[in-house]
Amino acid sequence: MTHCKARLWIIAILVATLLAGVWNVAFAATKTKAEQASEQAEIATAAMAAGDYKQAATAYGKAATLLPKEPAYHVGNGDALFRLGEFKKAQTAYDKAIKLAPEDAAALCGRGDALLGQKKYDQALAAFEKALAVLPDSFRAHFGAAEALVALKRNDDALSHYDESVRLDVESVEALHARGLHLCTMARYDAALLDLDQAVAAQPDNPVFLQSRSVALRNLYLLDEAIYDVARAVALSPKSATFYRTLGHALTFAERYDEAIAAYQRGVDLAPKAEKSSYQYALDTMILEIPFWGEELEETLAAGAERAKRGDIFTPPAAQPETTPRVDPAAIVASEQAELAKSLIKYPQIDWVGSLVAYTRAVAAGDESYETLSERAYVLHVMDRHDDAIRAYAAAIEAIPQLAGASAKEADCLYYRAECYVILKRYEQALKAIDRAIKLDPDNYTNGYATTRNQALVGLGREDEVDKENDDFYIETNCPPYEVSDEWWGEEETEDGGE
């Protein structure tokens, strides 16, 4: 009897459980597809926040299946798939959203990102441009367009979009870092340093940011600081072959060749198998550039090999260098930076690089005076950065109109611009600039203006128009301008476009 009762209880429990399941199924069946899709979207949102992109993609996929005409679910699915690195599938999801809502900026940007991931840069740019047509102030669209343009080697256009990205989100460390890196590729290291300073200030222990700033500092020949930054990057990420190669670059610039050899060798040892040849090439190239021969070179190579063998790669800086104090961009006082810039280019000790950095910081802090802009242009001119100098002189000219003696000041800027154009062999533009300068300030015609004008004429093949009587160079040397050597014409300086 007891066994019978027990069996009855078990049967009763099973029946109750079955009925509860049936009830739950029936209850679920009463939910609309919209409600079920919404629940899946909530699951997906939580999964995205937790970094579980696989679960997010699954949940968004279910939501999109339940409500296939809802663009947001396709966009969400695309976002999750993109995070998983499944760029083609992500593009398909975004395309479904775009088909439903052709002006959905999020879907268009997502498509652009997915195409970037597939290295289809022209198509990616087209997607971002469509997004900007819908939403002109989209940070994501400007940033994505910049990335595509960098890959397409349209550097000036890329910089314009990076500028917009920073304008739209001044606290975006990603945008500041990306723009700083891009400015480095354009050899505008002083401007790059401003952005990279801010990126490092926001994330002082980010080794990638430190490495990037080291590149800018190295090319500005602020070598102690460059080595200090990349040494910190190596300490934070000691298994990075890239950071050791950057360290090797900086040590080479500082003429610490045995340490540089050890750093490059460490990069070779750490590099993935597929990349070892490129790291070895960098080491071999660096060795060829060492200005030693014979026994001295052999000793340097041996010292570098010994350092690499025992792991004593280089002597790290004991403390942060004080060569050029790091400046908090928020604390920059334009007038102080302008005064510092002036002090750095006074004889007998001249620091053109330091002056350029200070002038650039002054301008970034809001100093748009003619004096600062024109002096910054002149520093660029002296440093043979002629394209940048031309742009800087144009900015200085724009600051002139309200000043006394405006004509003479504009003539000076035009004269120097003409000099830059001549060096770059852009003779037509040089002639236009110098003719405008002569018109504005005819009294200075014999004070250099005639020489520059003659150079432009000769470059254009118009030797018969050369004015020998008023050409200072001709008068002093008794040498017609058209017989001047290639060195005078700036032959060597034009090979890299003045950068």
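Colleague: Are tyrosine 415 and tyrosine 449 buried or exposed?

Modeller: This is a predicted model. Tyrosine 415 belongs to helix H22 and tyrosine 449 to helix H24, 34 residues apart. Both tyrosine 415 and tyrosine 449 are buried.

Colleague: How are the rings of tyrosine 415 and tyrosine 449 arranged, stacked, edge-to-face or tilted?

Modeller: Planes under 30 degrees apart count as stacked and those over 60 as edge-to-face. The ring centres of tyrosine 415 and tyrosine 449 are 5.0 Å apart and the planes stand at 40 degrees, so the pair is tilted.

Colleague: Which residues form one aromatic cluster with Tyr415 and Tyr449?

Modeller: The model has eight aromatic pairs. Tyr415 and Tyr449 share one cluster with Trp352, Tyr378, Tyr393 and Tyr416.

Colleague: Why is the pair of phenylalanine 143 and tyrosine 162 called edge-to-face?

Modeller: Phenylalanine 143 is in helix H8 (residues 139–151) and tyrosine 162 in helix H9 (residues 155–168), 19 residues apart. Phenylalanine 143 counts as buried at 10% relative accessibility, and tyrosine 162 is buried at 3%. Their ring centres lie 5.9 Å apart and the cut-off for edge-to-face is over 60 degrees. The planes stand at 70 degrees, so the pair is edge-to-face.

Colleague: Which residues touch the most other members of the largest nonpolar core?

Modeller: Nonpolar side chains tend to be buried together in soluble globular proteins. The largest nonpolar core here has 38 residues. Those touching the most other members are Tyr393, Cys413, Leu414, Ile434, Ala437 and Tyr449.

Colleague: Which helices each supply at least two residues of this core?

Modeller: The chain has 25 helices and zero strands. Helices that each supply at least two residues of this core are H19 (352–364), H20 (370–382), H21 (386–398), H22 (406–423), H23 (427–440) and H24 (445–459).

Colleague: What does cysteine 413 touch, not counting residues up to four places away in sequence?

Modeller: Cys413 is among the core residues that touch the most other members. With residues up to four places away in sequence not counted, cysteine 413 touches Tyr370, Ser374, Tyr393, Ala396 and Ile397.

Colleague: What covers the buried residues of H20?

Modeller: The buried residues of H20 are Tyr370, Thr372, Leu373, Ser374, Arg376, Ala377, Val379, Leu380 and His381. H20 has 13 residues and reaches 18 Å from its first C-alpha to its last, close to the 18 Å expected. Its buried residues are covered by elements including helix H11 (189–202), helix H18 (334–343), H19, H21 and H22.

Colleague: With which side chain does the side chain of histidine 381 make a polar contact?

Modeller: Histidine 381 is found in helix H20 and is buried, with a relative accessible area of 9%. Leaving aside neighbours within four places in sequence, histidine 381 is in contact with His386, Ala389, Tyr393, Tyr416, Glu419 and Cys420. The polar contact, at 3.4 Å, is with the side chain of glutamate 419.

Colleague: Which residue with a positive phi follows H20?

Modeller: The phi of this residue is near 65 degrees. The residue is aspartate 384.

Colleague: Over the face of which ring does arginine 245 lie?

Modeller: Arginine 218 lies over the face of phenylalanine 253, at 5.2 Å from the ring centre. For arginine 245 the figure is 4.0 Å from the ring centre, and the ring is that of tyrosine 279.

Methods
Residues numbered from 1 in each chain as written. Predicted model: local features only at pLDDT ≥ 70, side-chain atom pairs only at ≥ 80, totals over all residues. Heavy atoms only, no water. Core = buried A, V, L, I, M, F, W, Y, C linked by side-chain atoms within 4.5 Å. Buried < 20%, exposed > 50% of the residue type's maximum accessible area, 1.4 Å probe, protein only. Helix = DSSP H or I, 4+ residues; strand = E, 2+ residues; numbered from the N terminus. Contact = heavy atoms within 4.5 Å. Expected span 1.5 Å × (residues − 1). Phe/Tyr/Trp six-rings, centres within 6.5 Å; stacked < 30°, edge-to-face > 60°. Lys NZ or Arg CZ within 6 Å of the ring centre and 35° of its normal. Polar contact = N/O pair within 3.5 Å; in protein donor to acceptor, adjacent residues only side chain to side chain.
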